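Please look through the structure below before reading my remarks.

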Amino acid sequence: MVKFSKQFEGQLVPEWKENFVDYWQLKKDLKKIHLLNSDTSKTDNHHCNSSSQNSILSSLRKFSVLGQRHRENGVIQVHRKLASSASRGDVYETELHEQLADSEAAKEFFTCLDFQLNKVNQFYRTKEEEFLNRGEKLRKQMDVLVELKAALKQQQGEGALSQDFKEDVSISSHISSEESVKDRAEQEQQQQEANTDDPETNEMPFSEFPKAEEIGDSKRIKREDSKLRSLSTRSFNCQGKNLKINIPLTTPTRTFSAITYLVWEDLINQSSKKCNSDGGKLNINRTKLRRAEKMIRGAFVELYKGLGYLETYRNLNMLAFVKILKKFDKVTGKQVLPIYLRVVESSYFNSSNKVMNLGDEVEDLFIKHFAEEDRTKAMKYLKPRQRKDSHGKTFFIGIFTGCFIALLAGYIIMAHMTGMYTRKGDTVYMETVYPVLSMFSLLFLHFFLYGCNIFAWKKVRINYSFIFELAPTKELKYRDVFLICASSMAVILGVMFAHLSLQQKGYTSAQVKAIPGLLLLAFLLVLVCPFNILYQSSRYRFLGVMRNIILSPLYEVVMLDFFMADQLCSQVPMLRNLEYVACYYITGSFKTQDYGYCMRTKHYQDLAYAVSFLPYYWRAMQCARRWFDQGETNNLVNLGKYVSAMFAAGAKVAYEKERSIGWLCLFVVVSSSATVYQLYWDFVKDWGLLQMNSKNPWLRNELMLRRKIVYYASMGLNLILRLAWLQTVLHYSFEHVDYRLTGLFLAALEVTRRGLWNFFRLENEHLNNAGKFRAVKTVPLPFHEVGEED
């Protein structure tokens, strides 16, 4: 049977952990009472006479008035007081009677218990008020949306129903005095690109909007809102109020189209500014209403999720109080549970039913407006079912892993027998085929480490799904990642083993030489496959993230985007191998085995520079975009780190090409400076380590892992792996092993370092997020009253 402490830890909301009942501290206090009682019982065996006198005195007290009150109230009495602040509600304090009054351990236990009860009540009241405010805003948003949709439907009429599908019928509303002609520009370009939005695959990214306790975030949003207000807002009159509609411009197409339209209207169509002389009419089209509806639907889903978390918070805390009081009664032999439990049951967090009522109301509104009165359909959005890992998946992981190990052993044996990987081995094979194997090896090693990260994050209760904004029904579990890695590498090694066997038997036709290129092409086709097979949602999400990275800084940067860009910074060797393989097969060099053709081409050499520092450039542009959106100088400092890495990557490529003393000196200086910069950022910024005033020596105050030695070892390993670039200077090789194999080994070390960094990066992100108690996203709402603070 699972202990309650394990069950409690496994079910609590990670971001709210500090505001749950500290069950473990209460158990420690209870253990002190147990040890004290054990010592007292041993002492009582040597003082029989004293105990008999005490029993006589205690029997006499039963007839006194004081004793009568004790008997009525029991061993404890809980007093309820009004807090100094009305927002905190009631405060509870326990008075001890009889033998418990003389026990310091019991006083300490009930002091802690009262503190936990007051903490739970205060936090519950705060979160309840927050969700009630969200619910009230959503009700108003829903009323506006319903009225606008009704007006649109009414104006369509019978004639509008027969119009061409591409013609967008719109409704007219009175424009407030703040409306400008520029504000109407973006509305029509939004209409033109509406058909390109797929609600299933192209989910609109939701930016964080401020809560009461998120002052820093509110400044960022006000800054960003002021920049985009002239392009994304519309003012109109509804329900007797001047309202504005705000649809964020989150894609380059929308932003460029809006700016182009505004410039065109300012320069060429000046006369259109007079169109409002009759009082002004504003067209709010169906496209904008659909986007507003999507935003409101997402807000309802997040609100319902938050209400579910609050209900879990209530039930788990109630159960924790019951369990710890039962343990207290068992240890002390007193009947405290009935007395204190009545207080807990009547306290605010357990007696308030506002959350349940709001949850029922959200369900009804969602079923009515977003699910066509179909409750089953609504619950698919409100309570999406988690995919369960099947035993078959584990079985196939084992099967493919066994095949991979067997094929790897066979491939290594054959390569060793033919002397393929020695310095005097087959040069053509090492120059043409080996880059394909090296590229796939680095890619799936990185993917395998990501699966290990998922397992570790889940083990220590890091909410990576919330941080990455992954859909709970579509995200990859660690078993999915391991299955993809094992099956892919088994296929790759099987093809490479067959190709090597054919070469050793003397088959030298163009078809045989093209096998590695066809293998790469097959994986690319699987990646872009349009059919709903082989994790389609994850593949398309990956392609979307890569699009956002390549087009940086045009897209708004979210956590998943810059996390993936950081991974690319550790895969420069893989990208350079991909560049060479693409050149070798696209130019047809594989037919003549002229593997030096690409190396002699000037365009290829120039592209090698670009490939070496492109990942760092993308990451630097993301930092610039985040600084523009948030206004935080830390993003500029982080940008400097990637600029230094760009110089180091360029100096390395130049030195490998020239091999001169001048380039060597420049490479050493630039790489050393970049390494120091990167180590500082890793330790101090990303990991939050090296804090001298912390309660954990040289570590941050909050740690997810219990063993501190892991952090110290990780810092040392990160330092060693950061210096792997010295291999380029020292030219150290492993006896007669080919230098390409040595390069693969060093590249694998960098990938390993990145996989280790990933865990601590998410740990830091989780702790910062949990400090603000954000368990659900705050979705921006489309309709705002003119002059209202967002």
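The numbered points below take up the model itself, a cavity, the cysteines and one aspartate.

1. This is a predicted model, in which local features need pLDDT of at least 70 and side-chain atom pairs count only at pLDDT 80 or more, while totals for chains, interfaces and linings use all residues. Residues are numbered from 1 along each chain as its sequence is written, and side-chain values use heavy atoms, with hydrogens and water left out.

2. A search of the whole structure gives three cavities of 30 Å³ or more, where a cavity is a set of points, on a 1 Å grid over the protein atoms alone, at which a 1.4 Å probe fits but cannot get out. The second largest cavity has a volume of about 40 Å³, a volume being the space filled by probe spheres set on the points, which are joined across faces, edges and corners.

3. The lining of this second largest cavity (residues with an atom within 4 Å of a point) includes Gly 135, Phe 300 and Glu 361. The elements that give two or more residues to this lining are α5 (104–161), α9 (286–332) and α12 (354–370), helices being DSSP runs of H or I with at least four residues, numbered from the N terminus. The largest share, four residues, comes from α12.

4. How many disulfides does the model hold? The count comes to one, taking a disulfide as a pair of cysteine sulfur atoms within 2.5 Å. Cys 583 and Cys 598 form this link, with their sulfur atoms 2.0 Å apart, and, with -105 degrees about the S-S bond, the link is left-handed. Because Cys 583 lies in helix α23 (residues 572–586) and Cys 598 in helix α25 (residues 597–600), the pair ties together parts that are 15 residues apart in sequence. Both cysteines of the pair, Cys 583 and Cys 598, are buried, that is, under 20% relative accessible area with a 1.4 Å probe and protein chains only, whereas exposed means over 50% and partly exposed in between.

5. The sulfur of Cys 452 is 8.7 Å from the closest cysteine sulfur, in Cys 485, which is too far for a bond. Cys 452 counts as partly exposed because its relative accessibility is 29%.

6. Asp 682 is placed in helix α28 (residues 661–686) and, at 1% relative accessibility, counts as buried. Its contacts (heavy atoms within 4.5 Å), not counting residues up to four places away in sequence, include Trp 687, Arg 722 and Trp 757.

Conventions. On a 1 Å grid over the protein atoms alone, a cavity is a set of points where a 1.4 Å probe fits but cannot get out, and a pocket is an open set with protein on both sides within 12 Å along at least five of seven lines; lining residues have an atom within 4 Å of a point.
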